[in-house]
Amino acid sequence: MGDRIFVGGGGDGYGAPQSLLLNYANRHGLIAGATGTGKTVTLQILAEGLSAEGVPVFLSDVKGDLSGLARSGREDFKLHEAFMKRAATIGLDLTYSAFPVTFWDLFGDQGHPVRTTISEMGPLLLSRLLELSDAQEGVLNVAFRVADEEGLPLLDLEDLQALLLFVGENAKELSLRYGNVATSSVGAIQRQLLVLENQGGAAFFGEPALDLADLMRTDPDGRGRINILAADKLMGSPRLYATFLLWLLSELFEELPEVGNPDKPKLVFFFDEAHLLFDDAPKALIDKVEQVARLIRSKGVGVFFITQNPADVPEDVLGQLGNRVQHALRAFTANDQRDLKKAADTYRPNPAFDTAEAIREVGTGEAVTSMLDHKGVPGIVERTLIRPPSSQLGPITADDRKAVIAGSPVAGKYDTRLDRDSAAEMLARRADAAAREAEAAEAQEAEMEAQEREFRNARRYDAGRSRSTRSRRKEDSLGDALATAMVKELKGTTGRRIIRGIFGTIFKSR
């Protein structure tokens, strides 16, 4: 095991070794250059060197070429002779070999699924992902606060959609507590979530969430595993791609302990197509990237940004990148000329050549390099012939990829999606309970109204008074019947009147 990674040969005749010191690999770096100048091969040989020294690597494979790291280079390859000639020129004993690779894919097609939860992503990165306005971002922050206070776990898009529906239905009450919660903003966020879902982004949110320890594995032979994110399809959603990588960096920053200045990094992270991270990014997001870049090195993590032009990276972030490999820049316009001069001015000059001219003239597979030296000072810029890779140059077959995935140490861990009880289910139960309570209250109210109507329409009476009246009527009828029977024996009106009066008086007095 060594203390450096051989990058290529520099100086006259390309015989002076140019190396990346392992103890400064966590001081970050930059790989820049126009399309077709060799950035991907440089990334590949750095990943090989770090893996060989026991350092795990994470990188994104935008074009599919980096899958070749999983297979050894071959002597029947068309560039074999050119590789051997270059190796002899720079003093490298080239041997072909494969490297331990783990394939990942947000969509689960070309690697193990990668997921995180809505809560872990947080409102800042979600706002960036959904391209929300300031007002809409404010509403999203309110939603996250409500979820926290109500004990509602936010795991997937369904949870967030259900939460926003709850916020919209209670907007008036929430506005009094947190400020204006406009239902129009809630609707705009819901529409953006629908767009993200249609683009396949829903697959990224859920469980089981990615365990960062699975990105920092080493094989039994001591080599670090190279984690390759399939990004060819993902690049169709560039905002999702950039947000995911920034989330991953942020998670590493939050979870890893401080290690100071280790002899070698715990992980090196390559951020390809880095300009996507900074295009139209709000200041809050750029500040977060700068903070992560400045502080994550003390966690033992190195970050290399790969982009076409150094000008794509903000000055505050660019100042954190100590190790640099600059491939050719094309200067066709006045803006290109300014960018070229600006890039050249960031290097420690070499009296042997003009840096700007060298950046313009270097050919494919050649670069202008400057690595941190033993004192942590940027080295003098050198024209460097980059070493050839030991692994296969170009993509592997679909069958080879399937075999690598099947033999992965995390095979089966993330394949089955989990759907545990979370905000969507909890809010649905609350809605059902509220509906049942409302239905019961409505039924009770209807019953009370029916009873009230019956009471208004009923005949009002006194039970005691009714019995007395009925008794008197019965007694009067009995008296009349007796009188009638007796007067049959009497003749004349006077006799009948006398007898009826007597009996009537008797019964009335009772």
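Analyst: R429 is partly exposed, with a relative accessible area of 45% (buried is under 20%, exposed over 50%, partly exposed in between, with a 1.4 Å probe and protein chains only). The side chain of R429 meets that of D421 in a salt bridge, 2.9 Å from N to O (a side-chain nitrogen of Lys or Arg within 4 Å of a carboxyl oxygen of Asp or Glu). D421, at 34% relative accessibility, is also partly exposed.

The model is predicted, so local features need pLDDT of at least 70 and side-chain atom pairs count only at pLDDT 80 or more, while totals for chains, interfaces and linings use all residues. Residues are numbered from 1 along each chain as its sequence is written, and side-chain values use heavy atoms, with hydrogens and water left out.

Over the whole structure, a search finds 21 salt bridges. One of them links E290 and R294, at 3.6 Å from N to O. Both residues lie in helix 10, residues 283–295 (helices, H or I, at least four residues, and strands, E, at least two, are DSSP runs numbered from the N terminus). Within helix 10, E290 and R294 are four residues apart, about one turn of the helix. E290 is buried, with a relative accessible area of 18%, whereas R294 is partly exposed at 37%.

Another pair is formed by E366 and R383, whose side chains meet in a salt bridge of 3.5 Å, N to O. E366 belongs to strand 11 (residues 366–370) and R383 to strand 12 (residues 382–386), so this pair ties together parts that are 17 residues apart in sequence. E366 is buried, its relative accessible area being 9%. R383 counts as partly exposed, at 23% relative accessibility.

Which residue is buried yet has no salt bridge? That is R401, a residue of helix 14 (residues 398–406). The nearest side chain of opposite charge to R401 belongs to D61, 4.7 Å away (Lys and Arg count as positive and Asp and Glu as negative; His and the chain ends are not counted). Leaving aside neighbours within four places in sequence, R401 is in contact with S67, F103, Q110 and I396 (contact means heavy atoms within 4.5 Å).
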